[in-house]
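Morning, everyone. Let me put the model up, and then we go through the side-chain contacts.

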Amino acid sequence: MAIKKIYAFYSHTIEIVRYGMNFKITSNINTNYNTHLSFKGGNNPIEPNSEGKNSNNRGLSTFGVAAAAISAAAIGGIAFTAGKNKVPAEVQSVIKAADECLNTANGKVKQIVELAINLQKKVDEVCALFENGGKDSSGKVVGKIIPNTDNTVMAENFLEEYTAKGTLFRRSSFIDNSLIKIEEFADNGKIKNALNRNWFEGGIESYAEEYGKLADGSEGFARKIQFFGETNKYTDSAYDIDCLYNEVCTASGTKNIELKIENGKVKHYFEDYNKNTEANQLEIGRGIWLDYAGPNMYVESNTISKKGLENVGKELNFEDGKPVKCTFNSKEIEDGVMQTDKIWELQGDTWVKTA
């Protein structure tokens, strides 16, 4: 039987299919703890409130009830009973780490849903202000409309808002009266935050904080969220939210976080995620993959070379929320051969050391 692993990253996918000891690798890379393992909180769908729909632009503004539900339900752990045989201490340690990793990821999901709510509120506020000619609901002028000065079909109109000191703090762009971008500025006049909206569908496409262009032309940001999915870049509730979230934890660009969410649930979560261009490899301090085409797994100290060769300090595989295999210091060399220090596998109710 073939055992398949798919590693899905922001810009590439590595697929490793194992047939016994032979491998087929495809890649588009360009560069007293209760042993309870179930992941139910992060994987089981929750039915949305039937009233949680937005009939206007089908945006994210109806997330309130859903966000509260996620905050209560998403922080679920690993629920597994070892059976007759005691789980080895070193395996228990990895199970505990996987549980902590998943709980951290689910906590991030809650934060992202709350962020999405606030982003939609911002979009609604800006659109209402533009439609009212720069006046707020009380009739006070708080924004300046700058019409396009040419007659091109796709010319932009702008809404500019200023601080009490007269400093520009937000500029919003509209095409055919439809919002396409919101830029917020720091006191020095540089762009601080940037939100992009889908002109055709009306949903939020992306939002970045501390945004800017780096010297090599790439994007820099403290955190960025990109919405996607079959709903054409809009969502009707937090239970449907599809996005990729990236966070830079340090100024040097190390200890990055990447979290992919589908239908409001964790798809994968990486910490200390780094594309090491000097070593020509991907590096993950710890990560968890759920519901890809292969066994779910948690890893620590994972590196993947451009050739698709993998080196993992610890790996826990689980099926239906139940840990079934734990590998220590696994290294893949050329021709798909794996070298491993130690492997524990669950056989019936007993953990057996198989290597």
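F270 is buried, at a relative accessible area of 0%. Buried here means under 20% relative accessible area, exposed means over 50%, and partly exposed is in between, with a 1.4 Å probe and protein chains only. A caution before going on: this is a predicted model, local features need pLDDT of at least 70, side-chain atom pairs count only at pLDDT 80 or more, and totals for chains, interfaces and linings use all residues. Residues are numbered from 1 along each chain as its sequence is written, and side-chain values use heavy atoms, with hydrogens and water left out.

Back to the rings. W289 is buried too, at 2%. How do the rings of F270 and W289 sit? Their centres are 5.1 Å apart and their planes at 55°, so this pair is tilted. The rule covers rings of Phe, Tyr and Trp (its six-membered ring): they pair if their centres lie within 6.5 Å, planes under 30 degrees apart count as stacked, over 60 as edge-to-face, and the rest as tilted. F270 is in strand β15, residues 265–276, and W289 in strand β16, residues 281–289; the pair links parts 19 residues apart. Strands are DSSP runs of E, at least two residues, and helices are runs of H or I, at least four, numbered from the N terminus.

The whole structure has three aromatic pairs. One of them is F130 with F174: centres 3.7 Å apart, planes at 10°, so stacked. F130 is in helix α3, residues 89–131, and F174 in strand β6, residues 168–175, so the pair ties together parts 44 residues apart in sequence. F130 counts as buried at 11%. F174 is buried at 0%.

Next, charges over rings. The test is NZ of Lys or CZ of Arg within 6 Å of the ring centre and within 35 degrees of the ring normal. K267 has its charged end over the ring of Y292, 4.6 Å from the centre. K342 lies over the face of F328, at 5.8 Å from the ring centre.

Now salt bridges. There are 13 in the structure. The cut-off is a side-chain nitrogen of Lys or Arg within 4 Å of a carboxyl oxygen of Asp or Glu. Take K108 and E247: they meet at 2.7 Å, N to O. K108 is in helix α3 and E247 in strand β13, 139 residues apart. Both K108 and E247 are buried.

R170 and E125 meet at 3.0 Å, N to O. R170 is in strand β6 and E125 in helix α3, so this pair ties together parts 45 residues apart in sequence. R170 is buried at 5%, whereas E125 is partly exposed at 46%.

R286 and E271 form another bridge, at 2.7 Å, N to O. R286 lies in strand β16 and E271 in strand β15, so the bridge ties together parts 15 residues apart in sequence. E271 counts as buried at 16%. Bridges with shared partners also join K122, E125, E161, R170 and E184 into one network.

D242 sits in the loop between β12 (223–227) and β13 (243–247). A polar side-chain atom of D242 does lie 2.7 Å from the backbone nitrogen of N263.

Notes. Polar contact = N/O pair within 3.5 Å; in protein donor to acceptor, adjacent residues only side chain to side chain.
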